[in-house]
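Keep the structure open while reading.

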Amino acid sequence: MRRAPLVPALVFTIVVTQIPFLLTLYYSVQSWNLVRPGSQRFVWFENYVSVFADSQFRGVALNTIIMTLGSVIIAVILGLLLALLLNRHFIGRGVVRTLLVTPFLITPVAAALLWKTTLLDPTYGLINFVLSPFGASGTDWVSTFPLASVMASLIWQWTPFMMLLLLAGLQSMPGDQVEAARVDGAGAWAIFVELTLPHLRRFLELGIVLGAIYLVNTFDAVYMITQGGPGTASANLPFYIYQRAFLGFDIGQSAAMGVVVVVLTIIVATFALRLVFRSFGAAGSES
Amino acid sequence: MAEVVFDQASRIYTPGATPAVDKLDLTITDGELVVLVGPSGSGKSTALRMLAGLEPIDAGSVRIDGRDVVDVPSKDRDIAMVFQSYALYPAKTVRENMAFPLKMRRMDKEEQAKRVADAAELLGLTDYLDRKPKALSGGQRQRVAMGRAIVREPRVFLMDEPLSNLDAKMRVQTRSQIASLQNRLEVTTVYVTHDQVEAMTMGDRVAVLRDGALQQYATPSELYDRPVNAFVAGFIGSPAMNLLDLRRSGDGVTLGGMEIPLHREVRDAAGSADTVTVGVRPEDLALDSDGSGGGVKAVVDVVEELGSESYLYAHMAEDEATTLVVRGPGRTNVRYGETIALRVDADAVHAFDASTGARLA
């Protein structure tokens with residue numbers, strides 16, 4: 001009875017997560033297109049077979065991997081460079097830090113819009129303006145490099161997060177170890193490779209895992225900047241499923257894709273979460 | 001092997017304020033173990049860090065074997081340092097920790113392995129070479145830090161309170177190990193501590209610092225027998241020397257109605273001053289057992305029984321504010337509240353100027 005007050009929360013959680021999932025499982029074994037009323041029928045695993053036979057789905061899955069890992073890794077590298085910079089003393093450090101953090105505080109949709117229009121627009125975009133002295137003009141970034149354009153906005157948003165995480169890591173580094181290394185004959189690069197990187201390991205792991213968990217679900221940036229196009233060149237799985245369900249009205253197909261994605265995500269997340277908990281465990285036992 | 005010279009070396013954190021290290025002059029000869037000792041804030045660690053290259057030298061110079069190192073970075077000074085926190089590299093094994101300075105000097109792999117093995121053997125760490133520092137006890141970590149310093153075979157060892165994180169027993173044990181290791185390796189060593197017992201037992205010579213200024217630089221026995229001022233007199237020795245501001249009278253000073261004679265040279269040096277700071281070590285106050293022969297009367301506040309000897313903390317019978325520490329025999333039968341009579345060994349009295357604290361003759 002002690003846990004009785006928690007029951008409403010449990011019921012709520014079941015209603016909003018488990019029932020939709022069961023319904024999705026049910027839809028995924030139906031052939032059901034909303035445009036053709038009365039077409040609903042039970043088809044066993046036909047939908048799953050066509051998901052795996054769908055070359056677009058495979059292409060989109062590859063896009064998702066490139067978009068997620070590419071954005072996370074580039075954001076981590078840039079975040080590490082900025083964190084190393086901010087870990088030094090210079091005049092105006094507080095202001096610089098605040099300015100560098102702001103992209104993370106912007107609503108993702110607004111950030112995507114900012115990139116699509118203000119920065120990447122072929123006629124009045126700032127990127128073309130800045131590059132114009134070097135001979136570039138009129139490049140339509142969004143249609144020429146659709147996946148890279150989406151990734152640019154994601155990286156811009158996520159670099160500050162990585163930077164803050166790694167800055168916290170750098171600031172928790174014991175100064176006497178660096179001094180010992182200097183006396184032992186290590187130069188700046190050796191200190192970075194031999195001491196800083198091992199110390200930052202668990203911060204890097206945490207940043208990569210958290211970043212990947214969020215970015216694999218990206219929808220807003222794709223929707224705002226490219227609508228997944230041209231074709232499916234910049235579509236990722238969440239956007240493709242959305243297209244199939246709400247633009248193609250193919251409930252059965254999109255439900256099957258959703259299930260496949262959930263299973264894949266669970267497999268990846270199990271390993272990813274284990275990594276996070278291992279790094280927390282290591283942190284705990286060290287102190 | 002090297003001679004280390006501090007030549008008017010200063011470290012000034014904020015211009016205008018008292019320097020952390022003020023015009024330090026110190027010559028440490030080849031193979032010597034010199035201890036820098038002083039209370040916190042005396043600048044002893046700063047002086048060591050200046051020698052290590054971890055603090056800039058703002059004025060004067062520091063020379064290692066005649067070479068001015070003011071502008072030489074740490075890594076090129078050929079020194080090795082043991083830190084108070086040991087500063088072991090947590091992600092590396094004991095072996096990698098000890099090999100690190102050699103690796104940084106791109107030493108041949110075989111030679112690295114040989115030197116690490118030798119040092120591990122010497123320090124009893126052979127069985128722990130593949131452990132990470134967090135899997136070691138405090139004493140073992142301390143030895144790894146020592147090992148990391150000795151594999152280098154540097155010109156100078158620097159040790160910054162290396163024993164302060166050990167328990168009392170380990171500290172005494174490690175103290176003698178370090179001293180014998182240093183004797184064997186014959187490497188010039190500068191050792192910083194706030195513990196005057198460590199300073200006295202380990203140092204070939206001891207430099208006493210206070211507020212960034214060198215007070216006295218001498219052998220332990222000279223520091224003990226002829227402290228140059230009241231600060232050194234009170235700092236060296238445990239329990240501390242009794243320091244009393246006493247009035248002049250006739251050929252000496254009066255303590256509790258008794259006259260303690262002062263030597264002619266002391267009287268001459270004191271000139272016309274009417275008070276003199278007199279220092280008497282606890283062992284130079286003799287307990288007048290039957291109390292019949294006069295002597296200074298004092299009331300016992302605390303008895304510290306150590307077995308082989310005892311220390312009596314007492315205050316003067318006629319003046320509560322004046323306290324004295326007296327060394328008594330072991331298993332003493334003196335108890336709290338008893339009145340004891342004390343005799344002062346006039347030859348063992350130190351006298352200092354009451355205002356400047358400087359030694360009088």
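Four salt bridges are counted between chain B and chain A. The model is predicted. One of the bridges joins the side chains of B:Arg49 and A:Glu179, at 2.6 Å from N to O.

**Interface**
- Chain B puts 25 residues in contact with 18 residues of chain A.
- Between them, the two chains bury about 1,800 Å².
- Carbon and sulfur atoms carry 57% of that buried area.

**Nonpolar cores**
- The largest nonpolar core holds 50 residues.
- A:Phe57, A:Met67, A:Val150, A:Met162, A:Leu166 and A:Leu200 have the most contacts inside this core.
- Helix H8 of chain A, residues 146-171, is the top contributor to the core, with 12 residues.
- Another core lies apart from the largest one and has 43 residues.
- Its members include B:Leu48, B:Ala52, B:Val69 and B:Val190.

**Around A:Met162**
- Leaving out residues up to four places away in sequence, A:Met162 touches A:Val72, A:Ala75, A:Val76 and A:Gly79, and also A:Gly207 and A:Gly211.

**Nonpolar surface**
- In soluble globular proteins, nonpolar side chains tend to be buried together.
- Here, a nonpolar surface patch covers about 890 Å².
- Among the residues that make the patch are A:Val7, A:Leu10, A:Phe12, A:Ile19, A:Leu23 and A:Tyr26.
- A:Phe12 sits in helix H1 of chain A, residues 7-28.
- Is A:Phe12 buried or exposed? A:Phe12 counts as exposed because its relative accessible area is 55%, and the cut-off for exposed is over 50%.

Notes. Residues are numbered from 1 along each chain as its sequence is written. Chains are lettered from A and ligands numbered from 1 in the order in which they are written. This is a predicted model: local features need pLDDT of at least 70, side-chain atom pairs count only at pLDDT 80 or more; totals for chains, interfaces and linings use all residues. Side-chain values use heavy atoms; hydrogens and water are left out. A nonpolar core is a set of buried Ala, Val, Leu, Ile, Met, Phe, Trp, Tyr and Cys residues joined through side-chain atoms within 4.5 Å. Buried means under 20% relative accessible area, exposed over 50%, partly exposed in between (1.4 Å probe, protein chains only). Helices (H or I, at least four residues) and strands (E, at least two) are DSSP runs, numbered from the N terminus. Contact means heavy atoms within 4.5 Å. Patches are made of residues with over 30% relative accessible area and no salt bridge: like charges are joined within 9 Å, nonpolar side chains (Val, Leu, Ile, Met, Phe, Trp, Tyr) within 5 Å. Accessible areas come from the Shrake-Rupley method with a 1.4 Å probe; for residues, only the protein chains shown count as cover. Buried area is the accessible area (1.4 Å probe) that two parts lose on being put together, summed over both.
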